[in-house]
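Welcome to this short tour of a protein model. Keep the 3D view open and turn it as you read.

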Amino acid sequence: MPATKVVVSIPDEVPYDVRIGAQVLDDLGNSLKRIPRVANASRVVIVSDTNVAPLYLAAAKESLARSGFRTSDIVVPAGEDAKSVEVLGEVWEALASLKLSRDGAIVALGGGVVGDLAGFAAATYLRGVPCVQAPTTLLAMVDSSVGGKTAINLEAGKNLAGTFTQPAFVCASTATLSTLPEREWACGCAEVAKAAVIDGDDFFFWLCDVADDLAQRDEEAVIEAITRSVVFKAGVVAADQKESQGVRECLNYGHTLGHAIEKLAGYGTFSHGACVAEGMRFAIRLAQKEVGAPDELVAAQDELLDGLGLPRLGWKAAPEEVLSAMKGDKKVRDGKVRFVLPSDVGKWGLLHVADEAVLAELKEWFA
Ligand SMILES: NC(=O)c1ccc[n+]([C@@H]2O[C@H](COP(=O)([O-])OP(=O)(O)OC[C@H]3O[C@@H](n4cnc5c(N)ncnc54)[C@H](O)[C@@H]3O)[C@@H](O)[C@H]2O)c1
């Protein structure tokens with residue numbers, strides 16, 4: 001299947017391409033030669049993690065070398081803990097030791113953790129060098145590699161220090177997904193489902209039709225799902241790059257309960273995507289009561305998530321405890337819990353829901 005390309009055009013930013021296809025990593029060097037601010041890079045530093053580097057670092061380096069780039073690499077520990085002040089400091093120091101200069105570039109080769117960390121390092125080292133995202137998880141391909149959010153975690157919470165810095169290019173090589181563990185696959189599928197519900201009928205009903213194929217990693221379905229998700233995300237980010245216009249918040253659909261579960265169950269107990277899927281099931285039921293979401297949509301979304309390998313978690317907690325965890329979220333304003341609630345496919349609003357209504361819905365959910 002041929003590679004596809006999506007152009008991300010954000011006001012006041014240099015437009016960039018997202019290339020999606022089985023073998024696009026092998027073509028990374030050629031692709032970078034076509035990007036003016038990277039084409040003549042004196043050195044390209046690839047940042048990757050201990051799981052991804054043994055699998056794909058050599059291929060990325062070879063492709064860059066074939067196009068005449070001088071390459072180096074920095075390998076960080078795999079997992080969320082790498083998004084820390086300590087590891088960021090190590091990456092900065094390593095970049096300085098490698099004498100990466102302003103005319104160099106960084107490639108983030110890995111999942112969302114490497115993308116966020118290397119993106120932040122690139123945005124801040126020497127006050128900014130270009131960053132190329134080479135995502136290797138489904139989640140990173142459909143979501144985190146596009147849109148320019150970079151971040152590390154602080155003791156006080158996730159993603160509390162970061163920048164909005166758009167990448168120079170995104171290279172989504174679907175061949176790398178062949179080694180992705182099942183749990184991570186389902187995690188990415190949840191973000192695709194989220195995008196489809198928020199985007200509209202065309203994406204949503206297409207996804208309902210191919211849910212099994214996507215769960216089975218059928219190449220055509222995978223490339224199409226990534227392409228549609230990137231087109232969706234690019235549109236959202238173009239309308240609201242810095243989450244200040246009330247548009248980008250649609251990307252938090254399913255996240256209000258999802259984040260609370262992650263926190264209460266303990267980070268890593270369930271995957272982020274599994275928690276988002278649970279949050280979407282909960283939010284659509286709340287939307288039934290609050291904004292009249294139709295019964296058919298609740299059933300269709302349930303069926304879609306089941307088909308994508310995202311069953312109900314069966315996790316329970318005291319409703320009051322869950323409400324309190326929701327209120328601890330950094331997106332809470334004035335102590336009121338806000339939910340992205342779809343009244344139908346493609347129609348959503350950001351609503352403050354009264355504590356009593358949230359508690360009543362949680363009681364029903366856990367019954
Ligand atoms: N910047 C954004 O807009 C944005 C959006 C959503 C999520 N995020 C962030 O993304 C992160 C989650 O990203 P993620 O789910 O990709 O997690 P991740 O980067 O931790 O990757 C998941 C696991 O899969 C491994 N892995 C990656 N690619 C692989 C491959 N091809 N084969 C085998 N193993 C592979 C990784 O080493 C890791 O163990 C979170 O930190 C989240 O905050 C950022």
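The domain bounds used here come from an automatic or database domain assignment. The model itself is predicted. The assignment gives domain 1 (4-179) and domain 2 (182-366), and the centres of the two, taken over C-alpha atoms, are 27 Å apart.

**Where the two domains touch**

- Contact between the domains involves 25 residues of domain 1 and 26 residues of domain 2.
- On the domain 1 side, at least two residues each come from β1 (4-8), β2 (16-21), α6 (138-144) and β8 (157-164).
- Which element gives the largest share of that side? It is α6, with five residues.
- By class, the side of domain 1 that touches domain 2 has 15 nonpolar, eight polar and two charged residues.

- At one end of the order, β1 and β2 run antiparallel and are joined by five bridges; Lys5 has Arg19 in β2 as its bridge partner.
- β3 (residues 44-49) and β4 (residues 71-76) show the parallel sense, with six bridges, and here Val45 stands opposite Ser72 in β4.

**Helices that lie on the sheet**

- Helix α3 (residues 53-66) belongs to a right-handed β-α-β unit together with β3 and β4.

**Two helix pairs to compare**

- Helices α8 (residues 201-215) and α9 (residues 219-239) pack at an angle of about 145 degrees, their axes being 10 Å apart.
- The crossing of α8 and α9 is left-handed.
- In this contact, α8 residues including Phe203, Leu207 and Val210 meet α9 residues including Ala221, Val222 and Phe232.
- The contact of α8 with α9 has eight nonpolar residues, no polar ones and two charged ones.
- For helix α7 (residues 182-199) and helix α11 (residues 272-291), the axes come within 7 Å and cross at roughly 35 degrees.
- The crossing of α7 and α11 is left-handed as well.
- Among the residues that meet here are Ala186, Gly188 and Ala190 in α7, and Gly273, Ala274 and Ala277 in α11.
- Sorted by class, the contact of α7 with α11 has nine nonpolar, three polar and two charged residues.

**A hairpin to find**

- β10 (residues 337-344) and β11 (residues 347-353) pair in the antiparallel sense over seven bridges.
- Look for Arg338, which stands opposite His352 in β11.
- How many residues lie between the two strands of this hairpin? There are two residues between β10 and β11, and Gly346 in the turn has a positive phi of about 80 degrees.

Key. Residues numbered from 1 in each chain as written. Predicted model: local features only at pLDDT ≥ 70, side-chain atom pairs only at ≥ 80, totals over all residues. Pairing = 2+ DSSP bridges. Helix = DSSP H or I, 4+ residues; strand = E, 2+ residues; numbered from the N terminus. Right-handed = clockwise from strand over helix to strand, strands pointing away. Axes fitted to C-alpha atoms, helices over the stretch in contact; angles between N-to-C directions. Left-handed = near helix turned anticlockwise from the far one by under 90°. Contact = placed C-beta atoms within 7 Å. Nonpolar A, V, L, I, M, F, W, Y, C, P; charged D, E, K, R; others polar.
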